[in-house]
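I opened the file to look up its aromatic contacts, then its overall build. My entries follow in the order I made them.

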Amino acid sequence: MKRVCIIGAGSSGITSCQVLHSRGIPFDCFEAGSEVGGNWRYMNDNGMSSAYRSLHINSSRQSMQYTNFPMSDDLPPYVNHAQAAQYFDDFVDHFGFRDSIQFRTEVTRVEKGPDDCWRVTTRDRDTGDERTGSYNAVLVANGHHWDPRMPDPAFPGADTFKGVQLHSHDYRTPDPFVGKRVVVLGIGNSASDIAVEGSQVADRMYLALRRGAHIVPKFVFGVPVDHLTLSWASTLLPLRAQQWVLGTALRLARGKPARYGMPTPDHRILAAHPTASDTLLSKLGHGDITVKPNIERLDHDTVHFADGSSEEVDVVVYATGYNISFPFLNSQLIDAEENWISLYHRVVPPQHPGLYFIGLVQPIGAIMPMAEAQSEWVADLLEGRAKLPGHTDMAKEIEAYQSSVARRYVKSSRHTIQVDFRKYLKELRKERRAGARRAGVSRALPSEARRPDQVAIVD
């Protein structure tokens, strides 16, 4: 029986644990923190969580829940970080694999060993003791929202700016903004939340944008928006039809972004990861937040913007995204330069048998059901129930994916791992069946009755 290493006990790592546990595949899971939940554990002592005190998930609970462990109907449509973390705790305890997770244990090195094995070196964060073990497979589930991506190159004058500069990753509460003049750079979900929350206590709040964006409300017609955008009815429409329907609905409900002082987006809706907020446009309309163009340079206590205007500023928050990085993997083994990484169906690096990546996707929707489906596929491969195609076929799929991303999405390091929620789950299910045929397996695969591409998100 193969022995497997799982790196990380966040929302992706624990579903890998559950799938392998249910199949009877031995594994060790290493987690740098003291608890499960990863990014959703506020003040996580692994030092990598970007959760802030007011954080709520931007996908409804129906779309984020694991298919084999539904969330309680007593929870609100959009749960906060504490409720999400409790759900992950309940998930682990319900399936009974907590003892297989080694907490406060950091993976420091993963390298190829003899006999097609992987050598994994770990460090006890309390004692400093190191240990190296040998595994047949490694599932990397360390997340992709923990390594802050700062502007590169830095803005001129950043090294002499007298105020505070921080990445949104380090934001926890708006308390440091009280009475301050603040600039938030970015228009993603974190930038929106920080600007809205900070505007309640700051003397002035500016939102600097490098490009326009479509702001999507969390509720439409009284239901979570993803009950509509991720429903089977909507995804049967061609992309252009989806864009027209959703764009028309937003214009009727909220008007054009320019009416709130925002630049007109240079792309269609769904051609960039949308920003979900029910409050940002109201704050703009009330004048609590002032929109500015991109930062051009910093000068002691002043921020100069691309339109020639300038403002005296005390704090600059860079909500500029994250690097995809694997500090335990040699860059010659896996290179994620500019956040591009070549993976067959976003999981398998063709040149490195036994190495898999779980949750390394950015959906319009939630990651959790996708990580669950990825884990089921990997378990098929580990058990010999499925087989991968040849390198040439895998390379063709990777090239086709990268071409499709380049055609559809705005060029940005944010969109290099973008997938469509329903389409990707269907893609994984199709690959599992194809892999079973390659392996000569005719009987039903585990979890087929659960159909992981049919996540129920409509009450």
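I began with the ring cluster: Tyr66, Phe69, Tyr87, Phe88, Phe91, Phe95 and Phe97 are linked by ring pairs. The model is predicted, so I read these positions as computed ones.

I then counted the aromatic pairs and got 16. One of them joins Tyr87 and Phe88, with 5.7 Å between the centres and 55° between the planes, a tilted arrangement.

Next I checked charges over rings. Lys218 has its charged end over the ring of Tyr78, 5.1 Å from the centre. Arg346 lies over the face of Tyr401, and here the distance to the ring centre is 3.6 Å.

For the overall build I noted 11 helices and 24 strands. The C-alpha trace spans about 65 × 55 × 45 Å along the principal axes. Of the 459 residues, 55% count as buried. Among contacts between residues at least 6 apart in sequence, 67% join residues at least 24 apart. I put the accessible surface at about 20300 Å², 49% of it belonging to carbon and sulfur atoms.

Last, I checked confidence. The mean pLDDT is 91, and 96% of the residues reach 70 or more. Residues 449–459 have pLDDT below 50, yet this stretch has 34 contacts in the model beyond near neighbours in sequence. Where pLDDT is low, predicted coordinates should not be read in detail.

Notes. Residues are numbered from 1 along each chain as its sequence is written. This is a predicted model: local features need pLDDT of at least 70, side-chain atom pairs count only at pLDDT 80 or more; totals for chains, interfaces and linings use all residues. Side-chain values use heavy atoms; hydrogens and water are left out. pLDDT is the predictor's confidence in each residue, from 0 to 100. Contact means heavy atoms within 4.5 Å. Rings of Phe, Tyr and Trp (its six-membered ring) pair if their centres lie within 6.5 Å; planes under 30 degrees apart count as stacked, over 60 as edge-to-face and the rest as tilted. A charge sits over a ring if NZ of Lys or CZ of Arg is within 6 Å of the ring centre and within 35 degrees of the ring normal. Helices (H or I, at least four residues) and strands (E, at least two) are DSSP runs, numbered from the N terminus. Buried means under 20% relative accessible area, exposed over 50%, partly exposed in between (1.4 Å probe, protein chains only). Accessible areas come from the Shrake-Rupley method with a 1.4 Å probe; for residues, only the protein chains shown count as cover.
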